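Please open the structure in your viewer and keep the selection tool at hand. The stops below go from one selection to the next, with a short account of what is to be found at each.

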Amino acid sequence: MSVDGKALVLGGGGVTGIAWEIGLLHGLVEQGVDLTDAGLFIGTSAGSSVAAQVLSGVPLADLFEAQLADASGELAARMSVGGLVKFVVAGLWPGDPARGRAWLGRQALRARTVPEAERRAVIAGRIGDRGWPATRLLIPAVEAETGAVRVFDASSGVPLIDAVAASCAVPLTWPPVTIGSTRYVDGGVRSVANADLAAGSRQVVVLAPTPQSVRPSGRPAAQVAALGPQVRGAVVSPDAAARAAIGRNVLDPARRRPAAEAGRAQAAAEADRLRTIWA
């Protein structure tokens, strides 16, 4: 539960999801709505990177400008059709969902990807090395071997860079991340936003670049509704213009700038609704 009852949930969605979320947050501040004053942040996958950056003390305007930088020298990744099929299979696994997550995690452990150290360096370059913020931050990741979910926070004894890297370790695309003797994959394998971790908060806003989930119970809107009628909540996902700006490959850095600009533009249409919830 957040100290002041406000929780900001930042969902997964690749490099374009990072850009769209930062653009939207920046645009909302320009509209007089500052969601970054939440007492609790929950960051999943791309959202964990956004949370770490926002809570680092770097002004939102500067974070937004960084999203507009030339991306021509960056590696564009893409999840294969086979990888997408395996995600669906894991999500539809009958019985205990952890078994499906473990099956996908073991596939990830065998996949050929870039070296783990190389990927960690990318995350470090993205979020810096300032350590855990004073504001409470929860970052979920999934144990590759068992499918168990672990939620990292400042008390976990894990460097923030490692927690973010684990939550961003998209199976079959990026390498699982080693923390201690355990290897972890993307927190989005459990849920695209893990909004249920905001239980106990009174006001919950979810930024969900990817609003859908294989399991209906994993969808952000369903998770917010399940928090109870006492919660004032909203889910914001990319509008038509933002979806066009993001394109088909959320892991393509070339789409980062248009995604950030689309998020900033969308803020004007969302400001009044979110102002009412956040007041």
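In which strand is Lys6 found? Select residues 6-10, which form strand β1, and Lys6 will be among them; helices (H or I, at least four residues) and strands (E, at least two) are DSSP runs, numbered from the N terminus. Before going further, note that this is a predicted model, in which local features need pLDDT of at least 70 and side-chain atom pairs count only at pLDDT 80 or more, while totals for chains, interfaces and linings use all residues. Residues are numbered from 1 along each chain as its sequence is written, and side-chain values use heavy atoms, with hydrogens and water left out.

Show its side chain, and you will find a polar atom of it 3.1 Å from the backbone oxygen of Trp278. With neighbours within four places in sequence left aside, Lys6 is in contact (heavy atoms within 4.5 Å) with Asp37, Ala38, Gly39, Leu40, Gln203 and Trp278.

Now widen the selection to the whole of β1, where five of the five residues are buried, so the strand is largely enclosed by the rest of the structure. Lys6, Leu8 and Leu10 point one way from β1, whereas Ala7 and Val9 point the other way.

**Helix α1 at His26**

Within α1, select His26, which is buried with a relative accessible area of 10%. Leaving out neighbours within four places in sequence, His26 is in contact with Leu60, Ala61, Phe64 and Arg264. The C-alpha atoms of His26 and Ala267 are separated by 8.2 Å, although these residues are 241 residues apart along the chain.

**The nonpolar cores**

Next, colour the largest nonpolar core, which has 57 residues, and in which Leu8, Leu25, Leu35, Phe41, Phe152 and Leu207 have the most contacts; such a core is a set of buried Ala, Val, Leu, Ile, Met, Phe, Trp, Tyr and Cys residues joined through side-chain atoms within 4.5 Å. Helix α10 (residues 256-278) gives the most to this core, with eight residues. A second, separate core of 14 residues includes Ala193, Val204, Val206 and Ala208. Return to Phe152, whose contacts beyond four places in sequence include Trp132, Leu138, Val158, Ala163 and Tyr184.

For helix α5 (residues 97-110), look at the N-terminal end, which Asp96 caps with a side-chain oxygen 3.0 Å from the backbone nitrogen of Ala98. Among the buried residues of α5 are Ala98, Arg101, Leu104 and Gln107.

**Loops and a hairpin**

Most residues other than glycine have a negative phi. Select Leu172, in the loop between α7 and β5 (177-179), where phi is near 75° and the residue counts as partly exposed at 22% relative accessibility.

Finish at β5 and β6, which pair in the antiparallel sense over three bridges, with Thr178 opposite Arg183. Their hairpin has two residues between the strands, and Gly180 takes a positive phi near 65° there. Strand β3 (residues 136-143) also runs antiparallel to β6, joined to it by two bridges, and Val142 stands opposite Val185.

Definitions and conventions
Polar contact = N/O pair within 3.5 Å; in protein donor to acceptor, adjacent residues only side chain to side chain. Buried < 20%, exposed > 50% of the residue type's maximum accessible area, 1.4 Å probe, protein only. Pairing = 2+ DSSP bridges.
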